[in-house]
Amino acid sequence: MAETAEHRTQQTDDSKQAARAERKAARLAKQIGSFAKAHGGAEGQLAHLGQMGTRIVLVGEDGGWGDLVAPSYAVAESATRKAGITVHEDFDGDFAAKVRTGPYEWSRMAGIQVGGPSGHKR
């Protein structure tokens with residue numbers, strides 16, 4: 001069966017997309033590794049953001065936390081696998097209990113509940 005020009009173009013486009021996804025996963029894995037190194041290790045959880053991609057929530061062994069956004073769930077999975085971190089199904093229980101928040105987070109959370117960050121004037 002003869003290969004058509006359209007088929008070759010599609011294969012080229014697919015290869016380029018796969019290469020881009022692989023590079024993005026590698027960059028995210030490097031960032032995850034840096035976070036883990038700075039926080040004595042790290043664990044993660046992946047959360048779908050719809051069309052925006054997938055959020056990679058990171059929690060360090062010291063309770064520090066942060067997040068990254070991957071363009072897709074597959075890229076997020078690849079990045080966490082490359083980084084070698086444990087990925088949890090849910091953000092609850094012992095995993096969630098590791099998170100340590102500071103005054104900033106508490107004022108933001110409380111502010112959301114009562115209408116804005118602490119010190120917000122109406």
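Author: Strand 2 (residues 54–60) is largely enclosed by the rest of the structure, because 6 of its 7 residues are buried. Buried means under 20% relative accessible area, exposed over 50%, and partly exposed in between, with a 1.4 Å probe and protein chains only. Strands (E, at least two residues) and helices (H or I, at least four) are DSSP runs, numbered from the N terminus.

Reader: What kind of model is this, and how are residues numbered?
Author: The model is predicted, and residues are numbered from 1 along each chain as its sequence is written. Local features need pLDDT of at least 70 and side-chain atom pairs count only at pLDDT 80 or more, while totals for chains, interfaces and linings use all residues; side-chain values use heavy atoms, leaving out hydrogens and water.

Reader: In which sense do strand 1 and strand 2 pair?
Author: Antiparallel, with strand 1 (residues 42–48) and strand 2 joined over 7 bridges; pairing requires that DSSP finds at least two bridges between two strands. Gly-44 sits opposite Leu-58 of strand 2.

Reader: And what about the turn?
Author: The hairpin of strand 1 and strand 2 has 5 residues between them, and Gly-50 in that turn has a positive phi of about 75 degrees.

Reader: How many bridges link strand 2 and strand 3?
Author: There are 6, antiparallel, with strand 3 spanning residues 65–70. Val-59 has Trp-65 in strand 3 as its bridge partner.

Reader: Switching to helix 2, which residues are buried?
Author: In helix 2 (residues 73–83), Val-75, Ala-76, Ser-78, Ala-79 and Thr-80 are. Just after helix 2, Gly-84 has a positive phi of about 75 degrees.
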